[in-house]
Amino acid sequence: ELIYEFLLSDPTFRRPDNKPAPNMPKRAPEITAEALEGDAMALQAVDIFLSIIGAEAGSMALRCLARGGVFIAGGIVPRLMERVKTGVLLDSFVNQTARPRFQYLLQTMPLFVVTNQKVGLIGSKEYALRLVREGPLRQAWAEAPAGDPSQ
């Protein structure tokens, strides 16, 4: 939303192919829908947003040495797969101009967009099952007297 508002307010970004500034600010779902319909201003805002995400994902990958890859999950990115496929996210992830010395390393790190909307629930379930099977909950459960309501 803020990127879109900036593009509308900054005269250097105003071009004849863009619509005039609306009276009411637009919400993210409206901007996304307009971008997917081909609106020039919304597309520019979405591409800037994806490039910011890609740049931060690249920085995070270097900080963690994420040799197994970086996974972007949840939120708006999976709904923008059509724009992600244009390469703006991946180009910013590798970012040859800002990090030329690390370009080769970043090119070896895969970048994934998780499209399963239930990935958070799946991960939480798996973590809870591991706690019960292997962790302190298993020991507490095993040591609890039968019928003890506090356990």
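**Salt bridges, a helix crossing and an aromatic pair**

Arg130 and Glu126 are joined by a salt bridge, with 3.2 Å between their closest N and O atoms. The model described here is a predicted one. Both partners belong to helix α7, which covers residues 119-134, and because they are four residues apart, about one helical turn separates them. Arg130 has a relative accessible area of 47% and is therefore partly exposed. Glu126, at 32% relative accessibility, likewise counts as partly exposed.

This pair is one of five salt bridges found in a search of the whole structure. Another joins Arg27 to Glu1, where the closest N and O atoms are 3.3 Å apart. Here the partners come from distant parts of the chain, 26 residues apart: Arg27 sits in the loop between α1 (2-9) and α2, while Glu1 lies in the segment before α1. With a relative accessibility of 52%, Arg27 counts as exposed, since the cut-off for that class is over 50%. Glu1 has a value of 34% and so counts as partly exposed.

A further salt bridge brings together the side chains of Glu34 and Lys26, at 2.6 Å from N to O. Glu34 and Lys26 are both buried.

In general, two packed helices are described by the angle between their axes and the distance between the axes. Helix α2 (residues 28-37) and helix α3 (residues 40-64) have axes that come within 7 Å and cross at roughly 110°. An angle from 65 to 115 degrees counts as roughly perpendicular, so this description applies to α2 and α3. On the α2 side, the contact is made by Ile31, Glu34 and Ala35; on the α3 side, it is made by Ala42, Leu43, Ala45 and Val46. Sorted by class, the contact of α2 with α3 has six nonpolar residues, one charged residue and no polar ones.

Which kind of arrangement do the rings of Phe71 and Phe112 adopt? The structure holds one aromatic pair. Its ring centres, those of Phe71 and Phe112, are 4.6 Å apart and the planes lie at 15°, so the pair is stacked. This pair, too, links distant parts of the chain: Phe71 is in strand β1 (residues 70-73) and Phe112 in strand β2 (residues 111-114), 41 residues apart. Phe71 is exposed, with a relative accessible area of 54%, whereas Phe112 counts as partly exposed at 34% relative accessibility.

Notes
Residues are numbered from 1 along each chain as its sequence is written. This is a predicted model: local features need pLDDT of at least 70, side-chain atom pairs count only at pLDDT 80 or more; totals for chains, interfaces and linings use all residues. Side-chain values use heavy atoms; hydrogens and water are left out. Axes are lines fitted to C-alpha atoms, for helices over the stretch in contact, and angles run from 0 to 180 degrees between N-to-C directions. Helices (H or I, at least four residues) and strands (E, at least two) are DSSP runs, numbered from the N terminus. Angles under 35 degrees count as roughly parallel, over 145 as roughly antiparallel, 65 to 115 as roughly perpendicular and the rest as oblique. Contact means heavy atoms within 4.5 Å. Ala, Val, Leu, Ile, Met, Phe, Trp, Tyr, Cys and Pro count as nonpolar, Asp, Glu, Lys and Arg as charged, and the others, Gly among them, as polar. A salt bridge is a side-chain nitrogen of Lys or Arg within 4 Å of a carboxyl oxygen of Asp or Glu. Buried means under 20% relative accessible area, exposed over 50%, partly exposed in between (1.4 Å probe, protein chains only). Rings of Phe, Tyr and Trp (its six-membered ring) pair if their centres lie within 6.5 Å; planes under 30 degrees apart count as stacked, over 60 as edge-to-face and the rest as tilted.
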